[in-house]
Amino acid sequence: MTIDTAVASPALHDDPAPLPQPRGPLTTALLAALVRDPHRSLDLRHLSWEGDAASALADEDLQLALWIAYELHYRGLAGVDERWEWHPELLWARARWEEHLVAGLELAVPRPTGLDADDVVRELVALAEADAGPSLSKHLMRDADADQLREFLVHRSIYHLKEADPHSWGIPRLSGRVKGAMVSIQADEYGGGVASGMHAQLFRSLMHDWSVDDTYGVHVDHVPALTLLGTNVMSLFGLHRLWRGALVGHLTAIEMSSSTPNARYARAHRRLGGGEEAARFFDEHVVADAVHEQIALHDMAAGLARVEPAIAGDVVFGARCALHVDTLLAEHVIGAWESGRSSLRTPGLAA
Amino acid sequence: MSADEVTVTVCPDGPLLLRGPARLLGVDGSEVDHDRSVIALCRCGRSRLKPLCDGSHRLARFKDAATPEQMAHVLAHATPLPADESDDAA
C-alpha cells in the first residue's frame, strides 16, 4: 500500500464552479441576469427556450442553461450571488426548461404505468442484460489512446467530481428500509465519511494521475450538451420530490451497469500506463457496485415499488433514462473518435 | 436486524450478500481481515475477484431464482424443487 495520493492532490475543498461561456441566446441572457443583484425585482420571462422535444436532449443552449441553474444547488457559481438559488423568477424559467427536458426524455424512452415490485425487478434486470448501443468501456479497454482516456475523464468529471450528490437529494424523500438502502449505498460513495475515500476524491486522484485539471467545474466549457445532460437528468430527478421514483431507478441503473465497465476501464488505465493508486477509483467501483447492485435492486428499487406502487413505473422510467443518456454520450464519443476527431468542444486541453 | 447479527442473502441470479461482522476464514482457520460492512461473494464461479463478486454473473447468464420456497425445499429434502422445469436447480 502506497501513501494516499489524495493527500498530495490539491485541496479537497471545492470552490464554486467557474462561470461557463454562453452557447446561445438563452444562456447569453441567463449569464447576463446572474451577475445582477437578485434582491431586486427582475422579470426573467424572456429566458425561454424555443425548440421541440426531439432536439431538447442534445441542445447546447438548453442543457447548459439547466446545468447553470442546477449548479446553484451544488457548489455554486463563481461570482454569482447565492440568493439566486431560490430566486422565484429563475425557478419559474427553469421549470419551463425542465418541461422541455422531460418531454425529450418521454419521447426517447417509454414511461410505464401499472407495474408492481416483481415487474420492476424484471424490467431492471432486462435493461441491465440488454446490450444495446456501442460500448464505451470496450472501446476504451481495447482501442483508446491516452488522449482519449483523458477525454473520457473530462466527460466523466462533470458527474464524478460531485459523484453521489444528485442522488443524495433523495434521502429526505424516502423512509424506512428504502431510505436505509439508499443511505448504505451513499455511505460507500462518500468513503464512509473519510474524505480521501470519497469516490469523488478517488476520481480526482485519477485525473491528477493523467495530468487532467481536477478543479471543480473547470471542464464545463469543453463538454457537449450530451455530457451536461447526464447530470441534468440526475438533478431533475433529485431536486423534485415528484421524481423520487425515477431517481431511485436512475441510481439502480447506474449501480447495475457499473461493475463490468469499471473492470474494463481499469484495464484501459493500466494498459495505457496509469498508476496503481489512481486505479483504485475503478477497482473500488467493481467491488462496491457488485454489492450496491443487489441492495439497489432488491431493497431500494423493489422496496420503493412495494411501499409506493403508484410510482413503480417511474422507477423503470428513471433507469431507462439513465441508460439512454449513457448511450447517447457513448455514440457521440465513439463516433467522434472513429472519425478522427475529439469528442470535446475544445480539444487539446490535456496536461 | 441488530448491528452484530450476520446474515447471508442469496440474491437471485447473483451473489451471496454477507452483512454484519462475519469473520472470514481460510480453511486452515486463519482469519482474513477486512473492513467492509457488506460483501458480495461470487456464486456463479466467473468472478475474477473471487471470493468477491465482480458482476460477471450477468455476462455468464448465471441463473438461479433462489426463491425462499426453493431454498427451504432443498435444505429440508436435499432434492431439487419439483415441478419447476424452467429452473436448473442441479
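Helices (H or I, at least four residues) and strands (E, at least two) are taken here as DSSP runs, numbered from the N terminus. By that definition, D13(B) is found in the loop between β1 and β2 of chain B. The structure is a predicted model, in which local features need pLDDT of at least 70 and side-chain atom pairs count only at pLDDT 80 or more, while totals for chains, interfaces and linings use all residues. Residues are numbered from 1 along each chain as its sequence is written, and chains are lettered from A and ligands numbered from 1 in the order in which they are written.

## Chain B: overall description

Chain B contains 2 helices and 5 strands, and along the sequence these elements follow the pattern β-β-β-β-β-α-α. The C-alpha trace of chain B spans about 45 × 30 × 25 Å along its principal axes. Of the 90 residues in chain B, 12% are buried; a residue is buried if 20 or more other C-beta atoms lie within 10 Å of its own, exposed if 12 or fewer, and partly exposed in between, with C-beta atoms placed from the backbone. Two residues are in contact if their C-beta atoms, placed from the backbone, lie within 7 Å. Among the contacts in chain B with a separation of 6 or more, 26% join residues 24 or more positions apart.

## Strand pairing in chain B

Two strands are said to pair if DSSP finds at least two bridges between them. Strand β1(B), residues 7-10, and strand β2(B), residues 16-19, pair in the antiparallel sense over 4 bridges. Within this pairing, T9(B) stands opposite L17(B) in β2(B). Strand β2(B) also pairs with strand β5(B), residues 38-41, in the antiparallel sense over 4 bridges. There, L16(B) stands opposite L41(B) of β5(B).

## Backbone features in the loops of chain B

The hairpin of β1(B) and β2(B) has 5 residues between the strands, and D13(B) takes a positive phi there. A second residue with positive phi is A66(B), although it is not a glycine. The peptide bond from K50(B) to P51(B) is cis.

| Site | Backbone angle | Loop of chain B |
|---|---|---|
| P51(B), bond from K50(B) | omega near 10° | between β5 and α1 |
| A66(B) | phi about 50° | between α1 and α2 (68-77) |

How many other C-beta atoms lie within 10 Å of D13(B)? There are 17, and D13(B) is therefore partly exposed. A66(B) likewise counts as partly exposed, because it has 17 C-beta neighbours inside 10 Å.

## The interface between the chains

In the interface, 14 residues of chain B are in contact with 12 residues of chain A. The elements that give two or more residues to the chain B side are β5 and α1 (56-59) of chain B. The largest share of that side, 3 residues, comes from β5(B). By class, the side of chain B that touches chain A has 10 nonpolar, 2 polar and 2 charged residues. In this classification, Ala, Val, Leu, Ile, Met, Phe, Trp, Tyr, Cys and Pro count as nonpolar, Asp, Glu, Lys and Arg as charged, and the others, Gly among them, as polar.

## Domains of chain A

The domain assignment of chain A gives domain 1 (16-107) and domain 2 (114-338), with bounds that come from an automatic or database domain assignment. The C-alpha centres of these two domains of chain A lie 24 Å apart. Their contact takes 19 residues from domain 1 of chain A and 19 residues from domain 2 of chain A. On the domain 1 side, the elements that give two or more residues are α4 (60-71) and α5 (88-108) of chain A. Of the elements on that side, α4(A) gives the most, with 6 residues. The residues of the domain 1 side divide into 12 nonpolar, 3 polar and 4 charged.

## A helix pair in chain A

Two packed helices are described by the angle between their axes and the distance between the axes. Helix α14(A), residues 259-271, and helix α15(A), residues 280-307, pack at an angle of about 175°, with their axes 8 Å apart. That angle makes α14(A) roughly antiparallel to α15(A). Axes are lines fitted to C-alpha atoms, for helices over the stretch in contact, and angles run from 0 to 180 degrees between N-to-C directions. Angles under 35 degrees count as roughly parallel, over 145 as roughly antiparallel, 65 to 115 as roughly perpendicular and the rest as oblique. Residues of α14(A) in this contact include Y265(A) and H269(A), and those of α15(A) include F282(A) and E293(A). The residues of the contact of α14(A) with α15(A) divide into 6 nonpolar, 4 polar and 3 charged.
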